Amino acid sequence: MTESAKRSLRAGLRWTSLRLRLVVVFALVALVAAASASGIAYWLNREAVLTRTQGAALDDFRRQMQETAAALPTRPTKDDLQRAAGEMASSSPGYSVLLEAERERGKPIVGYSDLDTFTRADVPDSLQEQVAHKQPLTSSNEHEYHLFWQRTSIAGTPYLVAGTRIIGGGPTGYMLKSLDQERQDLNSLAWSLGIATALALVGSALLAQAAATTVLRPVQRLGDAARKLGEGKLDTRLTVSGTDELADLSRTFNRTASSLEKKVADMSAREEASRRFVADMSHELRTPLTAITAVAEVLEDEADTLDPMIAPAVHLVVSETRRLNDLVENLMEVTRFDAGTARLVLDDVDVADQVTACIDARAWLDAVHLDAERGMMARLDPRRLDVILANLIGNALKHGGSPVGVRVRTEGEELVIEVRDHGPGIPEDVLPHVFDRFYKASASRPRSEGSGLGLSIAMENAHIHGGDISAANSPDGGAVFTLRLPRDAERIVRNDEPGAGAPGEDGAT
């Protein structure tokens with residue numbers, strides 16, 4: 001299975017997937033519709049079957065009572081009742097008969113069509129009470145006794161029980177008809193409707209899947225194309241077919257991708273031209289700057305012997321020359337980062353010794369307090385670490401004031417170096433921009449000693465190690481810059497793209 005197919009399968013199984021929701025909605029609608037239709041059909045058929053069977057049995061029982069039971073003597077014998085019950089049952093549509101009369105007052109006699117099938121104990125008491133109850137005669141009721149019936153269950157089998165009494169002192173008759181065949185027919189109907197509901201559910205799911213595939217395949221292609229576009233493949237385009245809304249969306253995507261590709265190409269060309277211009281300009285400036293720097297250093301050495309009116313100008317020229325030289329070096333470093341040609345030259349270094357050497361080389365020992373244990377080894381680029389530390393500590397001394405504290409520790413596989421000053425801290429509106437190029441906190445100091453590139457270069461050197469720098473204000477006052485680097489940057493070198501240069505190559509001078 002391809003990665004795209006796996007991704008589509010995983011997306012289709014998520015509840016947030018439009019495909020899954022569409023299938024579920026189709027299935028629920030089909031289930032509700034089929035279940036409702038099946039339930040109504042079952043109920044209607046059940047009532048029709050039971051009403052038809054019940055009506056036929058009751059009509060026949062009423063007729064048999066009028067023709068056979070009513071013809072019995074007022075004081076019938078048991079044989080008379082037995083014979084009449086048998087006749088009624090034999091001519092009936094499948095029910096048993098029980099006839100009850102009195103031989104003498106208080107001495108009932110009973111006749112059964114089938115003693116094993118139907119006895120008086122099978123007749124519910126409530127039904128017996130209704131049958132025996134004499135109804136008052138009114139204008140709306142012309143008969144003292146009526147036919148009553150009831151559905152009951154005996155030993156798990158459904159039955160219809162009915163009873164009535166012959167008016168004028170005749171016997172009381174009861175009938176018992178099994179409804180088991182009707183139950184079996186209704187159960188078969190229920191199974192058929194259940195199967196039909198299940199088939200409707202499966203069919204709706206298949207239909208929903210087909211609809212989802214038809215609708216969502218263009219959407220999926222659009223999503224894949226958008227993902228590729230986000231990954232930087234700006235030449236991604238969709239094949240457009242049809243005239244529906246999805247086709248219009250695909251055409252819009254293609255136009256947007258073409259416009260984006262053109263704009264990115266234009267921006268890349270302008271950026272490349274600007275980067276090449278800065279690199280060329282910096283390179284061309286180095287030769288005259290070298291000569292100017294040499295002359296400035298000679299003038300600085302002779303400044304004490306010069307006319308007091310000229311000496312300040314000489315010191316200004318020397319200072320601005322050095323500042324210009326630093327700016328050119330920083331610009332060349334920035335262009336190397338932008339061009340992707342900056343490389344790490346790794347070495348195993350004692351971090352405490354490296355920080356001490358950085359501070360000592362710049363004569364900051366009296367203004368910096370170092371808290372670091374010797375023997376804390378890390379594999380990184382010592383020159384770039386020196387650049388990071390020089391910028392962070394120099395920035396703290398320049399803007400925060402001494403004493404500056406430098407603390408070195410490890411957290412797991414990370415090397416953490418904190419540089420803290422005791423100055424006024426960094427304004428909250430400045431914090432998000434401290435690592436931006438050429439950014440200065442005060443717009444009224446555009447010609448301050450810094451170039452505005454130091455912290456951004458420090459950040460670039462941290463990133464090339466696979467690390468980061470964060471800036472914050474300490475609750476006790478002052479700014480805190482926290483440098484985090486991996487203790488072993490070897491994997492960064494191994495992950496360099498082919499052809500980008502060997503690990504030992506570096507464009508820095």
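Hello everyone, let me start with the aromatic rings: the count comes to two aromatic pairs, where rings of Phe, Tyr and Trp (its six-membered ring) pair if their centres lie within 6.5 Å, and planes under 30 degrees apart count as stacked, over 60 as edge-to-face and the rest as tilted.

Before we look at them, a word on the source. This is a predicted model, in which local features need pLDDT of at least 70 and side-chain atom pairs count only at pLDDT 80 or more, while totals for chains, interfaces and linings use all residues. Residues are numbered from 1 along each chain as its sequence is written, and side-chain values use heavy atoms, with hydrogens and water left out.

Now, the rings. A pair of aromatic rings is described by the distance of the centres and the angle of the planes. Phe61 and Tyr95 form an edge-to-face pair, at 6.2 Å centre to centre and with 85 degrees between the planes. This pair links distant parts of the chain, 34 residues apart: Phe61 sits in helix H2 (residues 18–67) and Tyr95 in strand E1 (residues 95–104). Helices (H or I, at least four residues) and strands (E, at least two) are DSSP runs, numbered from the N terminus. Are Phe61 and Tyr95 buried or exposed? Both are buried; that means under 20% relative accessible area, with exposed being over 50% and partly exposed in between (1.4 Å probe, protein chains only).

The other pair is Phe435 with Phe481: their ring centres are 6.0 Å apart and their planes at 85 degrees, so this pair is edge-to-face. Again distant parts of the chain are linked, since Phe435 lies in the loop between E10 and H10 and Phe481 in strand E12, 46 residues apart. Phe435 is buried at a relative accessible area of 17%, and Phe481 counts as buried at 3%.

Take Ile469 as an example. Leaving aside neighbours within four places in sequence, its contacts (heavy atoms within 4.5 Å) include Leu392, Phe435, Phe481 and Leu483.

Next, please find H8 and H9. Residues Gln354, Val355, Cys358 and Ile359 in H8 meet a set in H9 that includes Pro382, Leu385, Leu389 and Ile393. Also in H8 is Thr356, which counts as partly exposed at 34% relative accessibility.

Let me finish with the whole chain. The secondary structure comes to 11 helices and 12 strands. Of the 509 residues, 36% are buried. Among contacts with a separation of 6 or more, 63% are between residues 24 or more positions apart.
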